[in-house]
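This report goes through one protein chain, element by element. The sequence and the structure are shown below.

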Amino acid sequence: MIQNYFVYFPEEKSSSSADFEMTGGGHHLHPSQKPYPEPGHPQSRMFGFESGRSIDSFQILWISRGAGIYRDHHHSAIPIQSGQSILLFPGHWHSYRPDLKTGWEEHWIEFRGKRAEDWLKKKAIQTSNPILEFSNDPLIPTFFQELHRLNRLPNRALKPLRNSLALHLIQRLILKTRHTSSGDLPASLHHYRELQEKLGQKEPETSLDHWCMDHGVSYHTFRLWFQKENGISPKQYLSQIRIRKAKEWLLGSSLQIQEIAEKIGYANAFHFSNHFKKETGFTPKTFRNR
């Protein structure tokens, strides 16, 4: 059973330019008929339901049981159910509390950085939509449990691991909200997802243009969807897969570099070596020797 706790990590000089940094976290099983929030938090994080607050970081609260209510300048009252998450934005006034009859169990992460600001600019997250819907991802509780364990270990060396796990967890919660299950997708989007899976399983024997035509879509349209969905083009995705396969063969086989180049579709070892070094910082020979 997870114990109640909260922690706020000291900010370092490099924090202002960080891509992503977890600045705090905690867990609280708040019983029914008790005032909320519990005392002890820094004054900047304390609030009453009527007065509310604004903070200087992003926060996400996942409610694993119980129910409650949320409000801000856009919403007078939104019911919160078990399985939902509340996304809080820096400088954005808000207020929330568990239901007096049920209480709730909350797991929360505080974070900041260019990555979160970019999500906001690109409208992957929006202040007008602060409630992330129920996620049936079975890994969410596991990730939170591990993050709670790491948060309570006073070891500065664990900071990169905490940041990485928190980022992955937040992205899973956000993406589960932005993208419904494949069964609820429009037919075209469902088809695009199937094509992406096929690309990951087997590289096309023809050009991507012809491959898309064979599957009933235009490459231009598929590329626009793929770029928006994944942040890279289908060709860049295939390039990543080739490099990954090359690493496996370099480390796990005695194949010559020319043979590996041919296996992953390069005309010669020279072009393969140049591309491999561009992507990894090492030549294939150096990578294998290291």
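This is a predicted model: local features need pLDDT of at least 70, side-chain atom pairs count only at pLDDT 80 or more; totals for chains, interfaces and linings use all residues.

## Strand β6 and its partner

Strand β6, residues 94-98, is mostly covered, with four of its five residues buried. The strand pairs with β3 in the antiparallel sense, and five bridges join the two.

## The chain as a whole

The protein chain holds 10 helices and eight strands. Its C-alpha atoms fill a box of roughly 70 × 45 × 35 Å along the principal axes. The chain has 290 residues, of which 42% count as buried.

Among contacts in the chain with a separation of 6 or more, 68% are between residues 24 or more positions apart.

## Nonpolar cores

The largest nonpolar core is made of 29 residues. Ile 60, Ile 109, Phe 111, Trp 119, Leu 169, Ile 170 and Leu 173 have the most contacts inside this core. Two or more residues each come from β1 (5-8), β3 (58-72), β7 (104-112), α1 (114-121), α2 (139-151) and α3 (159-178). Helix α3 gives the largest share, seven residues.

Ile 60 shows what such a position touches. Beyond its neighbours within four places in sequence, Ile 60 is in contact with Ser 85, Ile 86, Leu 87, His 107, Trp 108, Ile 109, Phe 111, Leu 132, Ile 170 and Leu 173. Another core, of 15 residues, lies apart from the largest one. Leu 195, Leu 208, Trp 211 and Cys 212 are among the residues of this other core.

## Helix α6

Helix α6 runs from residue 219 to residue 230 and has 12 residues. From first C-alpha to last the helix reaches 16 Å, close to the 16 Å expected at 1.5 Å a residue. Tyr 219, Phe 222, Trp 225 and Phe 226 are its buried residues. They cover an arc of only 130 degrees around the axis, so they sit on the same side of α6. An α-helix has 3.6 residues a turn, so residues three or four places apart point the same way.

After α6 comes Gly 231, which has a positive phi, near 80 degrees.

## Helix α9

Which residues of α9 are buried? They are Ala 269, Phe 272, His 275 and Phe 276. Seen down the helix axis, these buried residues of α9 fall within an arc of 130 degrees, and therefore line one face of the helix. Their cover includes α7 (234-252), α8 (257-263) and α10 (284-289). Phe 270 and Lys 278, on the other side of α9, are exposed.

Helix α9 spans residues 269-280, which is 12 residues. Its reach from first C-alpha to last is 16 Å, close to the 16 Å expected at 1.5 Å a residue.

Glu 21 is found in strand β2, residues 21-30. Is Glu 21 buried or exposed? Its relative accessible area is 4%, and buried means under 20%, so Glu 21 counts as buried. The side chain of Glu 21 makes a polar contact with the side chain of Lys 159, at 3.0 Å.

Arg 115 lies in helix α1. Its relative accessible area is 27%, so Arg 115 is partly exposed. Not counting residues up to four places away in sequence, Arg 115 touches Asp 19, Phe 20, Leu 167 and Gln 171. Arg 115 and Ala 18 are 97 residues apart in sequence, while their C-alpha atoms are 8.5 Å apart in space. Glu 262 has its place in helix α8. Its relative accessibility is 52%, and exposed means over 50%, so Glu 262 counts as exposed. The C-alpha atoms of Glu 262 and Gln 43 are separated by 63 Å, and the two residues are 219 apart along the chain.

Definitions and conventions
Residues are numbered from 1 along each chain as its sequence is written. Side-chain values use heavy atoms; hydrogens and water are left out. The expected span of a helix is 1.5 Å times one less than its number of residues. Buried means under 20% relative accessible area, exposed over 50%, partly exposed in between (1.4 Å probe, protein chains only). The arc is that of the directions from the helix axis to the C-beta atoms. Contact means heavy atoms within 4.5 Å. A nonpolar core is a set of buried Ala, Val, Leu, Ile, Met, Phe, Trp, Tyr and Cys residues joined through side-chain atoms within 4.5 Å. Two strands pair if DSSP finds at least two bridges between them. A polar contact is a pair of N or O atoms within 3.5 Å; within protein, one must be able to donate a hydrogen and the other to accept it, and residues adjacent in sequence count only if both atoms are side-chain atoms.
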